[in-house]
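Visitor: Could you walk me through this one? I keep wondering where the labels come from.

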Amino acid sequence: MACPNTLGHQHANALEAAMEAVASAPLPGARDLYKIVGLKPGCGFRTTQENTLIEVSDFLSGTKRVFAMTGSLYFEARWKNENHELLPLTEGGTVVPGAEYQLANLMVCTTENGELPVPKWFTDLLLRSEPLHDKLPEIKTYARRPVFDQEFVFRNPGWHPVVGILVHGPAVDPHPWQAPAPGLPAIERLPPRLKALLSGFCFKTDADLANLVGFLLTALLVSRYVETGKPIALINGNQPGVGKSLIARVVGVLADGVDPPLVPFTPDEEELRKTISAHLRGGNGSVIGFDNAKVAAGGKVDSPALEALVSTAELALRILGKSELARRPNDAVWLLTMNDTRASDDLVRRGLPICLEYEGDPTARKFGGDPVKYARTQRVELLGELAGMIDFWTTKGRPTGVVPHRFNEWASEVGGMLLACGFPEFLTNLADAAVEFSAASDDVTALAEHVVKQGGAGLVHVPRRKKDEELTAQQWVPVFVAAQVCEDELAGAKTGKSKATLVGQFFARSVGKVVTVSHKDQTLTLALRAKSLRAKSKAYFFEVVGAPAVIPSGGAAKDEDKPLPPTVPSAFATAGATEGNDEAW
């Protein structure tokens with residue numbers, strides 16, 4: 001029986017419709033989501049597939065919350081208190097599980113039966129589609145603190161489309177730099193908060209303190225050095241407990257606002273890559289810190305994988321369980337801590353030495369407070385002081401640094417900043433650190449000690465060698481064997497030619513190294529040199545650098561304390577032997 005069309009029924013129907021409208025009306029705080037209208041409830045399209053993909057791609061690119069970065073896609077999650085986060089939607093060609101739930105924060109699917117969450121099948125198709133990848137804004141640098149762009153413009157939180165920088169972090173105002181009085185110790189030249197943060201650390205020299213400040217400045221300048229490179233901080237202590245890990249944690253708090261999970265160093269190259277990949281993919285921040293690197297006695301920290309990753313402009317790391325690579329710009333900050341540990345020459349050349357030294361029991365020393373807590377509570381002000389140093393350098397005409405480094409652009413700019421701000425010690429400990437860290441220096445020293453020992457005691461200076469006494473790499477092989485230098489490599493070589501090649505390679509990477517050796521009553525400083533011979537061959541020898549020092553025995557000098565007449569070691573040359581050479585080292 002049909003319902004009567006009375007006025008009362010009409011009002012009842014209108015009331016029911018109004019109640020349904022109220023029930024479906026957005027509540028306070030509800031988001032105005034984009035509505036996808038071209039999808040079927042199960043799977044498929046009501047309209048043309050390409051039209052739907054283009055329309056949705058246009059919407060997502062306009063939100064400025066979905067980004068591309070080196071082939072992968074990311075979603076900007078906006079939590080309360082402006083605590084934003086960048087979450088992956090894809091890694092290479094793989095859609096991350098749960099990506100559809102992230103997109104549900106922006107859009108919804110409408111059908112005849114009502115609204116439905118964006119289905120997984122459509123999310124997978126959309127995130128792999130060319131129209132979306134072509135339209136999305138691309139991140140060139142991502143940071144959790146304000147950074148300077150290529151033109152040294154300070155970029156505070158937000159998306160900066162012109163330069164491709166996305167910053168999640170607090171707003172920071174650079175503090176005007178106050179030039180310190182000349183002649184003060186390095187710690188006294190710092191502005192108040194940086195001074196309070198770093199005053200408890202036992203830096204070996206003022207150069208080590210200046211290097212750490214330069215490393216902190218680097219964190220604000222990462223966008224400039226993605227392509228040209230920046231060093232890994234080599235934080236070395238003379239014993240455990242001197243504060244190496246604390247420095248690493250302070251760097252992490254300042255750079256990312258979180259206490260970084262420091263990872264153990266492993267000589268296993270594949271495992272090391274997996275560790276770095278898991279760190280970056282886990283959203284642990286841009287500080288990659290290897291804590292307390294240890295090697296077997298007589299060994300060294302040697303990792304071609306780490307050396308390559310520190311230097312490369314783009315990090316390409318395999319996704320665990322897949323044959324795909326996850327890529328991202330190398331805007332990471334790298335550091336490694338160790339205790340009197342040797343490192344490969346390639347790693348040392350890529351490094352920034354920061355040495356800590358304490359005499360006595362380190363457990364007895366006390367910081368004025370907790371440096372990590374101080375960095376967390378004063379983070380904005382500390383970043384402001386660092387930014388103020390960079391701005392001050394600009395006002396002074398951006399002078400360049402004077403100490404070269406493998407990463408020359410970085411050394412020139414950061415060195416100039418510190419020079420302008422009154423820290424000329426920056427990088428001046430590179431030569432000392434190269435000797436202290438380098439395992440190769442041990443081998444050169446062992447070789448020099450053997451040569452001096454075989455040549456006789458009391459060596460003061462050496463007369464000019466005869467040309468026929470110069471030794472080629474092949475002639476040096478028995479000397480290496482007697483000195484037990486490179487013995488494992490030489491033992492594995494099967495022929496005399498391969499042994500000579502190994503010795504030649506050793507000399508090629510060691511020429512120019514300066515070592516100090518002692519023999520009885522004298523201390524000699526020797527430099528390893530090379531001289532070109534005919535047929536493109538070379539001779540190698542040690543050269544006395546400066547006058548030998550006599551070790552005092554106390555009281556009046558006795559005849560036996562006086563320098564003995566010089567004798568010529570079988571593999572030694574004079575400072576004059578290089579005169580007229582066509583190759584200077």
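Guide: N292 lies in strand β16, residues 287-293; strands here are DSSP E runs of at least two residues, helices are H or I runs of at least four, and both are numbered from the N terminus. This is a predicted model, where local features need pLDDT of at least 70, side-chain atom pairs count only at pLDDT 80 or more, and totals for chains, interfaces and linings use all residues. Residues are numbered from 1 along each chain as its sequence is written, and side-chain values use heavy atoms, with hydrogens and water left out.

Visitor: Why is N292 called partly exposed?

Guide: Buried means under 20% relative accessible area, exposed means over 50%, and partly exposed is in between, with a 1.4 Å probe and protein chains only. N292 has 29%, so it counts as partly exposed. Its phi is near 55 degrees, a positive value in a residue other than glycine. Most residues other than glycine have a negative phi.

Visitor: What is the phi of C486?

Guide: Near 55 degrees, again a positive value in a residue other than glycine. C486 lies in the loop between α17 and α18 (487-492).

Visitor: How many disulfides turn up?

Guide: Zero, in a search of the whole structure. A disulfide would be a pair of cysteine sulfur atoms within 2.5 Å.

Visitor: And why does A482 count as partly exposed?

Guide: A482 has 48% relative accessibility, so it gets the partly exposed label. A482 lies in helix α17, residues 473-483. Its C-alpha atom is 8.1 Å from that of H450, 32 residues apart along the chain.

Visitor: Is T266 buried or exposed, and why?

Guide: Buried, because its relative accessible area is 17%. T266 lies in the loop between β15 (263-264) and α9 (269-281). Leaving out residues up to four places away in sequence, T266 touches E271 and L272, where contact means heavy atoms within 4.5 Å. The T266 side chain also reaches the backbone nitrogen of D268 at 3.2 Å.

Visitor: What about empty space, and how do you know where it is left?

Guide: Rolling a probe the size of a water molecule over the atoms shows that. On a 1 Å grid over the protein atoms alone, a cavity is a set of points where a 1.4 Å probe fits but cannot get out; a pocket is an open set with protein on both sides within 12 Å along at least five of seven lines, and lining residues have an atom within 4 Å of a point. The search finds four cavities of 30 Å³ or more, and about 70 Å³ lies in the largest cavity.

Visitor: Which classes line the largest cavity?

Guide: Eight nonpolar residues, two polar and no charged ones. Ala, Val, Leu, Ile, Met, Phe, Trp, Tyr, Cys and Pro count as nonpolar, Asp, Glu, Lys and Arg as charged, and the others, Gly among them, as polar. The lining includes G401, G415, F423 and F426.

Visitor: How much space lies in the second largest pocket?

Guide: About 440 Å³. Of its 26 lining residues, Y74, L280, R281, G283 and R328 lie nearest its centre. β4 gives the most to that lining, with four residues. By class, the second largest pocket is lined by eleven nonpolar, seven polar and eight charged residues.

Methods: A polar contact is a pair of N or O atoms within 3.5 Å; within protein, one must be able to donate a hydrogen and the other to accept it, and residues adjacent in sequence count only if both atoms are side-chain atoms. Grid points are joined across faces, edges and corners, and a volume is the space filled by probe spheres set on the points.
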